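Biologist: I would like to go through this model one piece at a time. Please show it first.

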Amino acid sequence: MSEPEFKAVGKLVVIGLGLIGGSVSAGLRQRHACQEAIGIVRDQANAALALERGVVDRACLSLQEVAAELGEGDVIFVAVPTLAIESVLRDIHALVSPEVTVTDGASVKGSVREAAIAAFGEVPSNLVLGHPIAGSEQSGVAAANPSLYQKHRVILTPEPSTGAAHIARVTALWQALGAEVLSMSVSEHDEVLGATSHLPHVIAYSLVDTLAHDIGNPNIFRYAAGGFRDFTRIASSDPIMWHDIMRANRGAVLHSLDKFVDNLLRLRDGIEREDGEYLLGVFTRAKAARDHFTRMLAGRTLKDSAALTPIKFRVVAGAPLQGRLRVPGDKSISHRAIMLGSLANGKTTIAGLLESEDSLATLQAFRDMGVVIDGANNDATGEERVTIYGVGLHGLKAPQKPLYLGNAGTSARLLSGILAAQTFSSTITGDASLSARPMGRIIEPLSSMGANIHSESENLPLTFAPAERFAAIDYQLPLASAQVKSCLLLAGLYADGVTRVRESQVTRDHTERMLGGFGCQVTRCDEGWLAIDGGSELQACHIDVPGDFSSAAFFIVAASITPGSDILLEHVGVNPSRTGALDILRLMGADIALLNEDTAGGEPVADIRVRYRQLQGISIPPELVSRAIDEFPALFVAAASARGVTELSGAAELRVKESDRLANMAAGLKALGVSVDTHADGLRITGSAMQGAEVDSAGDHRVAMALALTGLCCDGAVTVDHAECIASSFPGFVAQAKQLGITIEAIDC
Ligand SMILES: O=C(O)C1=C[C@@H](OP(=O)(O)O)[C@@H](O)[C@H](O)C1
Ligand SMILES: C=C(OP(=O)(O)O)C(=O)O
């Protein structure tokens, strides 16, 4: 490694060369990030070992030997067991200049602060308390590892009086070791660590101790398989250190331990009573939480899409598209299957559920309301299935925290219809994009049913309080929206009387169809009114989710614009209320055939064969707009590669999707040299040759995937920034695009 231009610290003195202290010293030495690393050790044997292993430049038996050499810029790192810290701090107070920065690595911060007050009479401004979250069950200088802190977190707990220069120096020290530095208060730190680190150690020690002593059977360890080994790894940690930690953080550890014992007793009771549902509830909730946590650690989180690992797409024109594949499950149908399965009586199974950020947000929301959802697991045929143990219309439980719906508009609006009618309060939140989307469209009709909804300027967060009365309404939809229609049909399940809704344009009818599958008929009355009876119970069923037409649309356009292409997309949902894009593309001259037409779970499905044919610009018939609403980003790319002009009007809704899709697609296409004029509710695109450039998804999954398609007909590569947002609907987009022969790379930023 090359020598850095400046040293993070001057001289480093580590008092206590165990795993923690030894790794700091070895790491800074290896990175040439300190002038000299000096270890203060107990005895000659440890001194010799530390020197031999290259952990320090110099080893001494007492601080006194080096104290006089130290001044501003130097750092003393205290890494002795927690209960020995006070006497070390007394030595430092007596021997060392207050200009020297002092820090520590103890797991409990409250007791170190008390030790400092006992030793110095206060927490001195040169003492920066810290804790690296990078322990291991190994101990001693022999375990010192220069990379131990790489990509780990270090929590500093500075006091208001701590000197800024000292904090900066300690921060630089940890950053030089590759760690991420966070800051929190002493009490917050001890509470969090009590629950997440100290409690698991108590449990691991206790479990091994129970098996070792109480059962008294030596064979027990001989046959202890993976589970035991994985679970008890930390019971091999240094007993003295953990003895000290438990005593030092007694209050917080007892608090977490009481909660755990209480939960364990309830689990014991559930096992005794053979309460399968309770056991499954605990286990599936725990598995979901643990999987969520694993995803978070991997940087793939159901959180703000800003927290996903950033990627760019790079696409270049290449060979024709060839081959066949099945796109993942339909997003709209997946949301509804989770919702209705949760509200049904009995066990619903779902095959082909979409596992994307949006649908998983819905799934998590119902888990947060006490619904047991298991899977996806392989069934006997090898197919992945999700099982939902429905709680009935009135069985949801109050969530303990706001329901976080990420980027999912469908989830927010449909769920609102359900939450507005519950007897408990709840709040829904979302990422920045979802928080900017209009919610007045559902607040207004739900409020007229009696719902009690609070929001600032009709945006998320929305808070639902129990309604005094919840009554059916007749509602003529003022805009074309399947989400609003579905929200009201779901609310209608809970309302007194018959709820009626009427739409003036066709929108997707998955809710109506699926309610029928759950045994609750939505009646189609005269003059286009849909009616649902309040109090209709839902009966669990099996749902087969077809491939998502909106995801397939990207490949349909890709094959239509790439000369020589011929692809087959299998088992795609072709519900006529969704396939306006097929009509539009056919009007433009596309060669698309539906084969093997069938139904699955009450939805029409087919294999879609697409062959290249030169497209022509058209004026898009207004009656097709609501049936093609999500496919416009892809259709705009078809228009850009077509001969002539394509015009669209009556599509103002595109401005309030995950982003303003008219503006963002126009910006992307213009950057490639296409002539695009936008107006309030549409645009005009003149097909032309395109030049590769860097374009931006604006965090919108459909814009990201549509702009990627432009690379197929550009002269030069197209790079799409902020492409990680595709996880909302189609996490496997790149892999499937490659499978069809598209030359696309996802580049980590
Ligand atoms: O009901 C649904 O599943 C959806 C309806 C449409 O939204 P609007 O109802 O806002 O048009 C669509 O854009 C969205 O992707 C999914
Ligand atoms: C608009 C979309 O979804 P939602 O409204 O559920 O965020 C979409 O997927 O294009």
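Biologist: Which elements do the buried residues of H21 pack against?

Modeller: This is a predicted model, in which local features need pLDDT of at least 70, side-chain atom pairs count only at pLDDT 80 or more, and totals for chains, interfaces and linings use all residues. Residues are numbered from 1 along each chain as its sequence is written, and chains are lettered from A and ligands numbered from 1 in the order in which they are written. Helices (H or I, at least four residues) and strands (E, at least two) are DSSP runs, numbered from the N terminus. The buried residues of H21 pack against helix H20 (549–561), strand E25 (591–600) and H22.

Biologist: Which residues of H21 are buried?

Modeller: A residue is buried if 20 or more other C-beta atoms, placed from the backbone, lie within 10 Å of its own, exposed if 12 or fewer, and partly exposed in between. In helix H21, residues 580–587, the buried ones are Gly 580, Ala 581, Leu 582, Ile 584 and Leu 585.

Biologist: Is Asp 630 buried or exposed?

Modeller: Asp 630 sits in the loop between strand E26 (603–611) and helix H22 (632–641). Because 24 other C-beta atoms lie within 10 Å, Asp 630 is buried.

Biologist: Which residues does Asp 630 touch, not counting those up to four places away in sequence?

Modeller: Contact requires C-beta atoms, placed from the backbone, within 7 Å of each other. With residues up to four places away in sequence left out, Asp 630 touches Ser 550 and Arg 702.

Biologist: How many charged residues are in the shell around ligand 2?

Modeller: A residue is near a molecule if its C-beta atom, placed from the backbone, lies within 6 Å of it. Among the residues surrounding ligand 2 are Asp 358, Asp 630, Lys 657 and Arg 702. Ala, Val, Leu, Ile, Met, Phe, Trp, Tyr, Cys and Pro count as nonpolar, Asp, Glu, Lys and Arg as charged, and the others, Gly among them, as polar. By these classes the shell has 1 nonpolar and 3 polar residues, and the charged ones number 6.

Technical notes: Contact = placed C-beta atoms within 7 Å.
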